[in-house]
Amino acid sequence: MYYRVKDNFLLRGWKLLPFALYDSDSHKTHFFDQKTFLVILKCGGERDFEAKKLPPEDQHRLEKLLKRGIVEKMYRPRRLNKKQEYKFFPSRYMAQAQWSITGRCNYKCRHCFMSAPEAKFGELCFDEMKKIVNELKKCGIYNVSLTGGEPLVRNDFFEIVDELSKADINILSIYTNGSLITADLLKKIRSKNLRPKIHMSYDGKGFHDWIRGVEGAQEAVINAFKICQKMGFETTAQMCIHKKNKDVFCKTMLELAKLGCKRLKVSPAVSLGNWSKISSEYALSTKQVYDCYLEYIKQFFENKMPISLMLDGCFLCEKKSVRYSIPYTKHSNRVDYLQRSVCGHARNSLYISPDGNVLPCVVLSNTAFKNKFAKIPNTKLEEILNDSYYMKVIDYRLKDYFERNSECANCKHRFLCGGGCRGLAVANCGSNYFSKDLAACFFFKNRYHEKVKSVAETAIKKLNS
């Protein structure tokens with residue numbers, strides 16, 4: 001009997017994480033202990049062996065691999081294909097990259113933290129973009145999301161897509177305002193065996209044109225959702241709430257659901273770039289935002305959960321489900337959580353700005369903190385993902401944060417909150433990575449985690465009665 005790792009699994013390893021399989025179908029990486037990986041290495045499809053002759057522990061490991069659909073039995077030998085052969089990357093592991101391929105935009109959004117279209121970020125030339133693709137490949141980053149600015153304004157957009165495809169890098173999502181989405185564009189994407197999620201902003205029925213700064217923006221994005229729905233592309237949406245549109249959440253949610261949108265994320269604008277100039281007039285206070293969210297939770301359940309919904313860090317619930325969570329709530333009061341990453345997202349996903357800065361997240365791209373980080377292609381990504389300031393920042397643990405922020409270390413909510421979002425904390429203070437996230441702090445100190453539970457449980461009980 002021959003045992004073979006299935007075609008979609010690639011044997012891979014990274015510095016400190018040398019035993020892994022990358023699933024090219026699901027675009028996920030699975031990590032193993034050394035003993036299990038040695039069993040995987042036996043399953044190369046060329047060696048005839050009887051499983052029962054393996055040590056009992058290895059028999060058990062092989063059985064689990066068969067049940068998980070990682071390994072298959074065969075009666076004839078067939079070696080692994082070239083792509084499946086083990087490859088080790090001498091950099092730290094990173095699951096994906098969010099890449100702003102341009103700072104240019106065809107809209108004039110009032111809340112753009114990049115201050116588009118007047119932003120000075122610009123974009124790198126195509127040759128520099130090719131170098132970045134090569135850097136991603138050399139570090140074993142198999143997934144990217146493309147954003148901007150407006151990524152579709154680049155004349156060489158499909159040339160960049162082709163370079164990513166040649167490097168076996170999958171495009172998870174395209175973040176766009178929707179104005180340039182056409183059936184022909186989606187057909188061309190599909191012809192390249194790609195099916196990225198199309199993520200578009202829809203900032204409130206009747207108010208989208210105002211915040212986008214362009215007449216006809218609402219009609220354009222609705223049309224884009226319809227085209228995606230017809231062409232079979234999954235869509236997700238973002239809604240930025242402010243004083244003008246805070247009362248149209250329900251109408252917006254229901255319209256997006258009819259348009260086939262799978263998920264809606266709602267959040268206030270970050271006070272950077274364009275929004276910082278007008279936030280005093282249009283921004284909601286933190287209390288107003290959270291009170292809006294409590295009402296939105298009621299409306300969500302009253303309308304029978306028509307779409308997956310995320311209200312910033314306050315509430316997350318999947319479509320047609322009554323099982324919800326509070327993303328702000330990070331940990332329980334266990335001391336072992338002190339070794340957890342202060343930002344789990346940054347530890348798995350890097351951000352590349354339009355001018356090549358490698359940052360922990362997109363929010364940092366228009367802050368003074370940005371200048372502390374290296375750029376590619378000036379610096380090799382392998383160097384950035386090893387011994388660098390960037391790696392030091394994303395490797396900080398909760399204990400490191402508490403050592404540098406005594407106020408948070410002495411707070412009774414310290415484990416639940418964990419200091420909140422590092423990107424928003426920096427946006428609030430300008431440069432201190434260890435400052436507290438004011439919004440998360442307000443959430444817990446004013447018992448909104450309890451209020452969310454109370455409102456949600458009451459709504460669910462009413463729904464089930």
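**Entry 1: the cavity**

I began with helix H18, which gives the most to the lining of the largest cavity, with three residues; helices here are DSSP runs of H or I with at least four residues, strands are DSSP runs of E with at least two, and both are numbered from the N terminus. The model is predicted, so I noted that local features need pLDDT of at least 70, that side-chain atom pairs count only at pLDDT 80 or more, and that totals for chains, interfaces and linings use all residues. Residues are numbered from 1 along each chain as its sequence is written, and side-chain values use heavy atoms, with hydrogens and water left out.

For the search itself I wrote down that, on a 1 Å grid over the protein atoms alone, a cavity is a set of points where a 1.4 Å probe fits but cannot get out, while a pocket is an open set with protein on both sides within 12 Å along at least five of seven lines, and lining residues have an atom within 4 Å of a point. Grid points are joined across faces, edges and corners, and a volume is the space filled by probe spheres set on the points.

I searched the whole structure and found one cavity of 30 Å³ or more. The largest cavity has a volume of about 120 Å³. The elements that give two or more residues to its lining are helix H15 (406–409), helix H16 (414–417) and helix H18 (438–445). Among the lining residues I found Cys408, Cys411, Cys417 and Cys441, along with His413 and Phe444. By class, this lining has five nonpolar, two polar and five charged residues, where Ala, Val, Leu, Ile, Met, Phe, Trp, Tyr, Cys and Pro count as nonpolar, Asp, Glu, Lys and Arg as charged, and the others, Gly among them, as polar.

**Entry 2: the second largest pocket**

I then looked up the second largest pocket, which has a volume of about 710 Å³. Of the 34 residues that line this pocket, the closest to its centre are Tyr22, Ser24, Tyr142, Asp168 and Ile169. Strand S2 (9–14), strand S7 (87–89) and S10 are the elements that give two or more residues to its lining, and the largest share, three residues, comes from S10. Sorted by class, the lining has 13 nonpolar, nine polar and 12 charged residues.

**Entry 3: the sheet and strand S9**

I traced an open sheet of 11 strands in the order S16-S15-S14-S13-S12-S11-S10-S9-S8-S17-S18, with mixed pairing; two strands pair if DSSP finds at least two bridges between them. The edge strands are S16 (324–325) and S18 (358–359), each of which pairs on one side only.

Within this sheet I followed S9 (residues 143–147), where five of the five residues are buried, so the strand is largely enclosed by the rest of the structure; buried means under 20% relative accessible area, exposed over 50%, and partly exposed in between, with a 1.4 Å probe and protein chains only. Asn143, Ser145 and Thr147 point one way from S9, whereas Val144 and Leu146 point the other way. On one pairing, four bridges join S8 (residues 96–100) to S9 in parallel, and Trp99 stands opposite Leu146. On another, four bridges join S9 to S10 (residues 170–176), also in parallel, and Ser145 stands opposite Ser173.

**Entry 4: the cores**

Where does Trp99 belong in the largest nonpolar core? This core has 121 residues, and Trp99 and Phe315 are those with the most contacts inside it; a nonpolar core is a set of buried Ala, Val, Leu, Ile, Met, Phe, Trp, Tyr and Cys residues joined through side-chain atoms within 4.5 Å. Helix H10 (residues 286–302) gives the most to this core, with nine residues. A second, separate core of 18 residues includes Tyr3, Leu11, Ile40 and Phe49.

**Entry 5: two loop residues**

By contrast, Lys82, in the loop between S6 (71–74) and S7, is exposed, with a relative accessible area of 68%.
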